[in-house]
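Subject: Structure handover

Hello,

Here is the structure for you to open alongside this message. My notes follow below it.

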Amino acid sequence: MDYINTTKKVLIIEDEAAIADLLAYALHREGISVDIAYNGASGLNTSKQFIFDLILLDLMLPDMRGFDICKELSNEAQVPIIILTAKSDIVDKVVGFELGAFDYITKPFDVREVIARVKAFLRRADQEVENKVYTSFIKVTPNLSVYINERKVMKNGAAIDLTPKEYDLLVFLLENRGTVFTREKLLDAVWGYDYIGDSRTVDIHIVRLRKKLNDSASPSIIDTIFGVGYKMVK
Ligand code: CA
């Protein structure tokens, strides 16, 4: 089960650099990989580009309302969130939990307490994956597997960084192996009916997926059906 102990990734969204840097330093020392965003917009952007195991979100950011970010993060990236909040803030915890928050930590906090809670969370998440591993595993090729519960893709024993949309597209094609889809159908299925974009979005994601997943020695696992669209080979 080596994939379970692959490096964990945490995103810190916090405008106070001193706090963000202190947390990053402490997490890094525990062997956890950390990205920092110093405002809400860049936090959302980063969360869409990489897959994180956990996000630490400061509720009081200069550019966006904390709960709006929380809602968008849990909708788009489907990633667990621990909220960092000042004691003086009047916070409706129920609202936070409904919007996808997993836990609250009140400022000022002891860094050791934050690290302990992050580690406890990551450990618990690993155990859940371990329990479900046999039902949540798709073997794409002998060297390439997808772990649904972890939203993780492993190639030759190493994790591959996919964006959330690349991952969703891959899993949709995998769950419908052998079926040919038009670009429009893939847009609807993966991006949603109300997504405003064109079919080039699909092409760009397919190109990136192939680049990240393929072994140069073997043929592509995603076929282009000329004049129609794409399918995942059986
Ligand atoms: Ca703040």
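In sequence, the residues that donate to the calcium ion follow the spacing D-x42-D-x1-M. Please keep in mind that this is a predicted model. The protein donors are Asp 15 (OD), Asp 58 (OD) and Met 60 (O). They lie 2.2 to 2.3 Å from the calcium ion. Asp 15 belongs to the loop between β1 (9–13) and α1 (17–29), while Met 60 belongs to the loop between β3 (54–58) and α3 (66–76), so this pair ties together parts that are 45 residues apart in sequence.

Met 60 has 52% and counts as exposed, because the cut-off for exposed is over 50%.

Next, the peptide bonds and backbone angles. As background, most residues other than glycine have a negative phi, and most peptide bonds are trans. Two places in this model are worth a look on that score.

- Lys 107 and Pro 108 are joined by a cis peptide bond, with omega about -5°. Lys 107 is in strand β5. Pro 108 is in the loop between β5 (101–107) and α5 (111–132).
- Arg 151 is not a glycine, yet its phi is positive, near 50°. You will find Arg 151 in the loop between β7 (144–147) and β8 (152–155). Its relative accessible area is 15%, so Arg 151 is buried, as the limit for buried is under 20%.

Back to Lys 107 for its side chain. Lys 107 counts as buried, at 10% relative accessibility. What does the side chain of Lys 107 contact? It makes a polar contact of 2.8 Å with the side chain of Glu 14.

Another lysine, Lys 9, meets a ring. Its charged end sits over the ring of Phe 52, 5.6 Å from the ring centre.

Now helix α7, residues 183–191. Which of its residues are buried? They are Leu 186, Leu 187, Val 190 and Trp 191. These residues cover an arc of only 105° around the axis, so they lie on the same side of α7. After α7 comes Gly 192, with a positive phi near 100°.

Last, the aromatic rings. How many aromatic pairs does the structure hold? It holds 2.

- Phe 172 and Phe 181 form a tilted pair, 4.9 Å centre to centre, with 50° between the planes. Both of these residues are buried.
- Trp 191 and Tyr 195 also form a tilted pair. Here the centres are 6.2 Å apart and the planes are at 45°. Trp 191 is buried, with a relative accessible area of 11%. Tyr 195, at 34% relative accessibility, counts as partly exposed.

Best wishes

Terms used: Residues numbered from 1 in each chain as written. Predicted model: local features only at pLDDT ≥ 70, side-chain atom pairs only at ≥ 80, totals over all residues. Heavy atoms only, no water. Donors = N, O, S within 2.8 Å, 3.2 Å for Na, K, Ca; no water. Helix = DSSP H or I, 4+ residues; strand = E, 2+ residues; numbered from the N terminus. Buried < 20%, exposed > 50% of the residue type's maximum accessible area, 1.4 Å probe, protein only. Phe/Tyr/Trp six-rings, centres within 6.5 Å; stacked < 30°, edge-to-face > 60°. Lys NZ or Arg CZ within 6 Å of the ring centre and 35° of its normal. Arc of directions from axis to C-beta. Polar contact = N/O pair within 3.5 Å; in protein donor to acceptor, adjacent residues only side chain to side chain.
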